Amino acid sequence: MAETQTGESVVGLKDDAVAALLVAESSEQLEAWRVEFLGRKGRLTTVLRGLGSLDIEQRKVAGAAANHLRVELETLFEERQQQAISTRAPAGSIDVTLPGRKSSLGGLHPSTQMIREITQAFNEMGFQTIEGPEIELERYNFDLLNIPAGHPARDKWDTIWVDSESRGDMLLRTHTSPMQARVMETSDPPVRVVVPGKCYRYESTDATHEWHFNQVEGLAVDEGITFADLKGTLYEFARRIFGASRKVRFRCDYFPFVEPGVDMSIDWNGNWIEILGAGMVHPKVLEGVGYDSSKYTGFAFGMGPERVSMLRNDINDIRHFFANDLRFLTQF
Ligand code: DAH
């Protein structure tokens, strides 16, 4: 074993150095290690200096071993230093004495909040909430709703068609009404559902129009459902959302999938504001999904939750809902 006059063996020195290097983590500890082992007065340097006092044969062996160890320790030191740099935050980047900051929690989007309030009002009246596809077939969006190709009513819904090589009848649903047909196709009466979801229209935007928006559709079908049920349900809805004293007005309106059709407005500071379309489900729609229209009747309605929220919260531009501006979103 190569030993110098100081009595320190190269092997023992190596063991000590490697063990100490493994536990050195901070830059201060690494520097202290460097000074202790490789520094000018360090242990390895002392070993190397002591070589001179050995006889020539011993010096050769111990010298080779000590020099080899020096290269080895320098390499290990550099590696450890690199490791420490890559796992350590840059000096001064973290002030551990700072008080903790509150993490900011997200919240529900105002449209989602309104949708939940609306659907909950209907859930409590016995309606079940379901959802449907946003990419829809022409058959459900139009044909089964008594809006055949070429029907002028198709102009009312400016459609974004889906470019597909396999079929030309796919579109982004222009309303949630297609779910009326889908629900009836897969279940027997009685049916009572509300369907919230995104709709899309190929149209230019302004303060009251967006090219994408939400709707909440409603459908109730059973034996003996009358227009009185429609009115009673929608009155109760308006009472829950707008308060007991809010005045409500029904007027005749036209939608191909209902007969008779109406729109419902509420009194807002002396102005009638239309908030939804509704009506008795058209017999052709019932027949289209295989229901016996001499036995079953029903009512349907559709509303825009953003519009309802605009009224309730005094919002003057529907585009705020989708602009992702936190100054707007955090007010809810
Ligand atoms: N789907 C209609 C629209 O987008 C709204 C609507 C009107 C839905 C009357 C209905 C209804 O269910 O009965 O404008």
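Trainee: How far does a polar side-chain atom of Ser-177 lie from a nitrogen atom of the ligand?

Mentor: A polar contact is a pair of N or O atoms within 3.5 Å; within protein, one must be able to donate a hydrogen and the other to accept it, and residues adjacent in sequence count only if both atoms are side-chain atoms. In this structure, 2.8 Å separates a polar side-chain atom of Ser-177 from a nitrogen atom of the ligand. Oxygen atoms of the ligand lie 3.0 Å from a polar side-chain atom of Gln-180 and 2.9 Å from a side-chain N or O atom of Arg-201. This is a predicted model, in which local features need pLDDT of at least 70 and side-chain atom pairs count only at pLDDT 80 or more, while totals for chains, interfaces and linings use all residues. Residues are numbered from 1 along each chain as its sequence is written, and side-chain values use heavy atoms, with hydrogens and water left out.

Trainee: Is Glu-136 buried or exposed?

Mentor: Buried means under 20% relative accessible area, exposed over 50%, and partly exposed in between (1.4 Å probe, protein chains only). Glu-136 has 1% relative accessibility and therefore counts as buried. The side chain of Glu-136 also makes a polar contact of 2.7 Å with that of Arg-182.

Trainee: Which residues of helix H7 are buried?

Mentor: Helices (H or I, at least four residues) and strands (E, at least two) are DSSP runs, numbered from the N terminus. Helix H7 covers residues 178-186, and its buried residues are Pro-178, Met-179, Gln-180, Ala-181, Val-183 and Met-184. Glu-136, for its part, is found in strand E2.
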